[in-house]
Amino acid sequence: MDSILFEQVSKVYADASTRRWKIPFFGKAHGTSGKQGYYALHHVSFHIQQGEIFGLLGPNGAGKTTAVNIMTGLLSRNSGTVRVQGHDPVSDWKTVRQVVG
């Protein structure tokens, strides 16, 4: 069993004016006020096993903080699946935060 499962996760923001790295989004997504925006994460997947050392590396604006905030339940995702030791960070956020620390 994966300790952390992050499968095909996407996060769309409506305001792209302050982003350095922009992947355009055209369509309707939860949390966007219009039909245009940008992806902070676009179909990102990784699996972390118990005891594995894992690093998130990338330039400013690449989505590292967004990914961690989604894993801990501080931010909702637009699509995909996230599990932390089998728990959903959105519906079981208290347990996830206890596990993460």
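Student: What makes F54, L56 and V68 a nonpolar patch on the surface?

Tutor: Together these residues have about 220 Å² of accessible area, by the Shrake-Rupley method with a 1.4 Å probe, where only the protein chains shown count as cover. A patch takes residues with over 30% relative accessible area and no salt bridge, and joins nonpolar side chains (Val, Leu, Ile, Met, Phe, Trp, Tyr) within 5 Å. The salt bridge ruled out here is a side-chain nitrogen of Lys or Arg within 4 Å of a carboxyl oxygen of Asp or Glu.

Student: What sort of model is this, and how are residues numbered?

Tutor: It's a predicted model: local features need pLDDT of at least 70, side-chain atom pairs count only at pLDDT 80 or more, and totals for chains, interfaces and linings use all residues. Numbering runs from 1 along each chain as its sequence is written, and side-chain values use heavy atoms, with hydrogens and water left out.

Student: Why is F54 called partly exposed?

Tutor: Its relative accessibility is 37%. Buried means under 20%, exposed over 50%, and partly exposed is in between (1.4 Å probe, protein chains only), so F54 counts as partly exposed. F54 lies in the loop between strand 3 and helix 1; helices (H or I, at least four residues) and strands (E, at least two) are DSSP runs numbered from the N terminus.

Student: What makes F6 and F46 members of the largest nonpolar core?

Tutor: Both are buried, and a core joins buried Ala, Val, Leu, Ile, Met, Phe, Trp, Tyr and Cys residues through side-chain atoms within 4.5 Å. The largest core has 12 residues, including F6 and F46. Strand 1, strand 3, helix 1 (64–71) and strand 4 each give two or more residues to this core.

Student: Why is H43 called partly exposed?

Tutor: H43 has 41% relative accessibility, so it counts as partly exposed. H43 sits in strand 3 (residues 36–48), and its phi is near 55°, a positive value in a residue other than glycine.

Conventions:
Patches are made of residues with over 30% relative accessible area and no salt bridge: like charges are joined within 9 Å, nonpolar side chains (Val, Leu, Ile, Met, Phe, Trp, Tyr) within 5 Å.
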